[in-house]
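Here are a few exercises on helix packing and model confidence. Try each one before you read its solution.

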Amino acid sequence: MTEQKSRGSIGARRNPETERAVLDAAEAILVEGGYPALSIEAVARRARAGKPTVYRWWPSRGRLLLAVYDRRKQDIAIPDTGSLDGDLLLFLKRLFAFWATGPNGDLFRLIIAEAQSDPDVAAALADYVAQRRRMIAAIFDRALLRGDMDPQASSDIAAELTVAAAWNRLLHRRLDPSDEALVPLVRQIAGTGRPRPVRSLVV
C-alpha cells in the first residue's frame, strides 16, 4: 500500500488546499474531543500536512483555535446604513445570528473560557479582539464624521462597550436578535457618545 503524500506549502505563500485541510482537521478535532484534544501534531497528521508547515502558519494551538473560529466568521461585515443606531442594530443582529448557528457560539465561549487559564489562548484572543474592536470602531468613526456623536467621544471606547455587551449576552446565552431585545441595548450604547444638551444655570 502506498502512503498518501503530505500536503505542503508553496514557498512563503500558503497553499490554499493545505490551509483548508488544516483548518478542517482542527475543527473536526475540536468537535470530537474539545480543546484538550487539539494539538499541532494531531492536526498535521489528520490533515496530512507537515508539522513545520502548520507551525509556520499557526505558531501555537491558541492561534490555530482562533483561526478556526475566524474562518467561520469571515462573512460578518461591518454595516453602513447611514445611521449609528442602524449600523449597531444590524451588526448585532448579524453577530447574534452567527453565534446562534451551529457550534459558533459554543466555540467562542470555549475560546473565552480557555483564555482564563491558558496564556497562549489569552494572547491570541487579545490580538483577535483588538483587531475586531478596530473594525467596530469604524461604525463610531462614521458617526463622528456625520455629527451623530459628541466630538469628544472616543470611538475606541464605544467599540469596547459594544464588544463587552455582546460578550455578556453570549456568555449568558441571551442571543435574541429581535428588535425588542436589541433596540434598547443599541440606544444605550449609542447614547453614551451622543452630544448632550447644555443646560443653562438659572441663578
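First, a term: pLDDT is the predictor's confidence in each residue, from 0 to 100. The model is predicted, so local features need pLDDT of at least 70 and side-chain atom pairs pLDDT 80 or more, while totals for chains, interfaces and linings use all residues. Residues are numbered from 1 along each chain as its sequence is written, and side-chain values use heavy atoms, with hydrogens and water left out.

**Exercise 1.** Find where confidence is lowest and highest among the helices.

*Solution.* Helices here are DSSP runs (H or I, at least four residues), numbered from the N terminus.
- Now the elements: α4 has the lowest mean, 89, and helix α8 (residues 155-171) the highest, 96.

**Exercise 2.** Work out how α4 sits against α5.

*Solution.* Axes are lines fitted to C-alpha atoms over the stretch in contact, and angles run from 0 to 180 degrees between N-to-C directions.
- Helix α4 (residues 61-73) packs on helix α5 (residues 84-99) at about 120 degrees, with the axes 11 Å apart.
- That makes α4 oblique to α5. The classes are: under 35 degrees roughly parallel, over 145 roughly antiparallel, 65 to 115 roughly perpendicular, and the rest oblique.
- For contacts (heavy atoms within 4.5 Å), Y69, R72 and K73 of α4 meet L95, F98 and W99 of α5.
- Sorted by class, that is 4 nonpolar, no polar and 2 charged residues. Ala, Val, Leu, Ile, Met, Phe, Trp, Tyr, Cys and Pro count as nonpolar, Asp, Glu, Lys and Arg as charged, and the others, Gly among them, as polar.

**Exercise 3.** Which residues of α5 and α9 meet?

*Solution.* 
- Geometry: α5 and helix α9 (residues 179-191) pack at about 130 degrees, axes 9 Å apart, and are therefore oblique to each other.
- From α5 come L84, D85, L88, L89, L92, K93 and F96; from α9 come D179, L182, V183, L185, V186, R187, I189 and A190.
- These divide into 11 nonpolar, no polar and 4 charged residues.

How values were computed
Helices (H or I, at least four residues) and strands (E, at least two) are DSSP runs, numbered from the N terminus.
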